Amino acid sequence: MSRSLTQEPDRFSEEAWNLLLYGEEAAKRWRHGNLDVEHLLQVLFTDQGYKKFINVLPINQSELLENLEEFLADLPISKTQTLYVGEDLEELLENAEKLRTNWGSSQIDISHLINAISRDPRIGSNLFE
């Protein structure tokens, strides 16, 4: 496996990197062992700083959040303080990196992450459906 993009903050715009950091905080609040796509989704749809990105999406936000909260509540609680980056998030970041390259952008931005989330087979595509 290649080096994790989560170890390369310069590859991300400030907003995108902050989304990862806020997602980490969300995962810790839920006491989950993995930082994953669902934590980024929760931040995107609850943090006022990201409203400008998600308000343009044709999504029933309250329904999405309700389904997301149920999903998060069903995840196992970790017995340790250690937080790992989930495989699905790693894959999502790789997909966002491919989008960045295809679009000719200099950094991974929120638009790349949202587009990659919408293609995530485990949770993103189902919630965005």
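**Figure 1. Tyr22, Tyr50 and Phe53 make up a single aromatic cluster.** The model shown here and in the other figures is predicted. Tyr50 is buried, with a relative accessible area of 4%. Phe53 also counts as buried, at 19% relative accessibility, because the cut-off for buried is under 20%.

**Figure 2. Phe12 and Trp17 form a tilted aromatic pair.** The structure holds 3 aromatic pairs. In the pair of Phe12 and Trp17, the distance is 5.4 Å centre to centre, with 50 degrees between the planes. Phe12 is buried, at 3% relative accessibility. Trp17 counts as buried at 19%.

**Figure 3. Helix α1 has buried residues that pack against several other elements.** The helix covers residues 14–30 and has 17 residues. From the first C-alpha of α1 to the last the reach is 24 Å, close to the 24 Å expected at 1.5 Å a residue. The buried residues of α1 are Ala16, Trp17, Leu19, Leu20, Gly23, Ala26 and Ala27. Which elements do the buried residues of α1 pack against? They pack against strand β1 and against helices α2 (37–46), α5 (87–103) and α6 (110–118). Arg31 follows α1 and has a positive phi, near 60 degrees.

**Figure 4. His32 sits in the loop between α1 and β1.** This loop joins α1 (14–30) to β1 (34–35). Is His32 buried or exposed? At 6% relative accessibility, His32 counts as buried. The side chain of His32 makes a polar contact of 2.8 Å with the side chain of His39. Leaving aside residues up to four places away in sequence, His32 touches Ala27, His39, Leu72, Leu75, Pro76, Ser78 and Leu83. One of these, Ala27, is also among the buried residues of α1.

**Figure 5. Glu97 takes part in a network of salt bridges with Glu8, Arg11 and Arg100.** The structure has 5 salt bridges. In the one between Glu97 and Arg11, the closest N and O atoms are 2.6 Å apart. Glu97 belongs to helix α5 and Arg11 to the segment before α1, so this pair ties together parts that are 86 residues apart in sequence. Glu97 is buried, with a relative accessible area of 10%, whereas Arg11 is partly exposed at 28%. Glu97 forms another salt bridge with Arg100, where the closest N and O atoms are 2.8 Å apart. Arg100 and Glu97 are 3 residues apart in helix α5, which means that about one helical turn separates them. In an α-helix with 3.6 residues a turn, residues three or four places apart point the same way. Both Arg100 and Glu97 are buried.

**Figure 6. A salt bridge joins Glu15 and Lys52.** The closest N and O atoms of Glu15 and Lys52 are 3.3 Å apart. Glu15 lies in helix α1 and Lys52 in helix α3 (residues 51–54), so the pair ties together parts that are 37 residues apart in sequence. Glu15 is partly exposed, with a relative accessible area of 31%. Lys52 counts as exposed, at 55% relative accessibility.

Notes:
Residues are numbered from 1 along each chain as its sequence is written. This is a predicted model: local features need pLDDT of at least 70, side-chain atom pairs count only at pLDDT 80 or more; totals for chains, interfaces and linings use all residues. Side-chain values use heavy atoms; hydrogens and water are left out. Helices (H or I, at least four residues) and strands (E, at least two) are DSSP runs, numbered from the N terminus. Buried means under 20% relative accessible area, exposed over 50%, partly exposed in between (1.4 Å probe, protein chains only). A polar contact is a pair of N or O atoms within 3.5 Å; within protein, one must be able to donate a hydrogen and the other to accept it, and residues adjacent in sequence count only if both atoms are side-chain atoms. Contact means heavy atoms within 4.5 Å. Rings of Phe, Tyr and Trp (its six-membered ring) pair if their centres lie within 6.5 Å; planes under 30 degrees apart count as stacked, over 60 as edge-to-face and the rest as tilted. The expected span of a helix is 1.5 Å times one less than its number of residues. A salt bridge is a side-chain nitrogen of Lys or Arg within 4 Å of a carboxyl oxygen of Asp or Glu.
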